[in-house]
Amino acid sequence: MFSKEIVVRCESGLHNRQATYFVQKANEFDSSIWLESGSRKMNAKSLLGIMSLGIVTGAVVTLSAVGNDAEAAVNALEQLLQRDVY
């Protein structure tokens, strides 16, 4: 298992288009990936799950993955949480 605590820096938080890009990127990896905010933990490959977390700019989240490409997955998704994609 590989995990990182990350401060969300994208201006829009993790909503709408940003969440869609995040989930699409997560689905490019074979690993099981989870995003945790507060006491809630959701599958990073589920758009509804990610949007239900209500993650805003400045939130501290934990991104974790298990699998053969876990570290690459966490690092790639961290990049999406640092800037607006669109």
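Colleague: Which residues does S37 touch, not counting residues up to four places away in sequence?

Modeller: S37 touches L53, I55 and V61, where contact means heavy atoms within 4.5 Å. Please note that this is a predicted model, in which local features need pLDDT of at least 70 and side-chain atom pairs count only at pLDDT 80 or more, while totals for chains, interfaces and linings use all residues. Residues are numbered from 1 along each chain as its sequence is written, and side-chain values use heavy atoms, with hydrogens and water left out.

Colleague: And where is S37 found?

Modeller: S37 is found in strand β2. Helices (H or I, at least four residues) and strands (E, at least two) are DSSP runs, numbered from the N terminus.

Colleague: Is S37 buried or exposed?

Modeller: S37 has a relative accessible area of 18%, so it is buried. Buried means under 20% relative accessible area, exposed over 50%, and partly exposed in between, with a 1.4 Å probe and protein chains only.

Colleague: What about the faces of β2?

Modeller: The covered face of β2 holds I33, L35 and S37. The uncovered face holds S32, W34 and E36.

Colleague: Back to L53, then. Where is that residue found?

Modeller: L53 is found in the loop between α2 (47-52) and β4. L53 counts as buried because its relative accessibility is 10%. Leaving aside neighbours within four places in sequence, L53 is in contact with L35, S37, R40 and M42.

Colleague: Let us turn to the sheet. In what order do the strands come?

Modeller: The open sheet has 4 strands in the order β1-β4-β2-β3, with antiparallel pairing. Two strands pair if DSSP finds at least two bridges between them. β1 (2-7) and β3 (40-43) are the edge strands, each pairing on one side only. From one strand to the next, the twist averages 20°. For such angles, axes are lines fitted to C-alpha atoms, for helices over the stretch in contact, and the angles run from 0 to 180 degrees between N-to-C directions.

Colleague: How many bridges join β1 to β4?

Modeller: β1 and β4 (residues 60-66) run antiparallel and are joined by 6 bridges. Within that pairing, I6 has V61 in β4 as its bridge partner. β2 and β4 pair over 5 bridges, also in the antiparallel sense, and the bridge partner of S32 in β4 is V66.

Colleague: And β2 with β3, how many bridges there?

Modeller: That antiparallel pairing of β2 and β3 has 4 bridges, and S37 stands opposite R40 in β3. The hairpin of these strands has 2 residues between them, and G38 takes a positive phi near 65° there.

Colleague: Which strands does helix α3 lie across?

Modeller: Helix α3 (residues 70-80) lies across β1, β2 (32-37) and β4, running at about 10° to β1. In α3, the residues A70, A73, V74, L77, E78 and L80 are buried. They are on the same side of α3 because they cover an arc of only 150° around the axis. The arc is that of the directions from the helix axis to the C-beta atoms.

Colleague: What do the buried residues of α3 pack against?

Modeller: They pack against β1, α1 (16-26), β2 and β4.

Colleague: How many salt bridges are there?

Modeller: The count comes to 2 salt bridges, each being a side-chain nitrogen of Lys or Arg within 4 Å of a carboxyl oxygen of Asp or Glu. In one, K4 pairs with E78, and the closest N and O atoms are 2.7 Å apart. K4 lies in strand β1 and E78 in helix α3, so this pair ties together parts that are 74 residues apart in sequence. K4 is partly exposed at 26% relative accessibility, whereas E78 is buried at 18%.

Colleague: Which residue does E28 meet in a salt bridge?

Modeller: E28 meets K25, at 3.1 Å from N to O. E28 counts as exposed at 54% relative accessibility, and K25 is partly exposed at 28%.

Colleague: Finally, how many residues does the largest nonpolar core have?

Modeller: The largest nonpolar core has 25 residues. Such a core is a set of buried Ala, Val, Leu, Ile, Met, Phe, Trp, Tyr and Cys residues joined through side-chain atoms within 4.5 Å. Among those with the most contacts inside this core are L14, F22 and I50. α3 gives the most to the core, with 5 residues.
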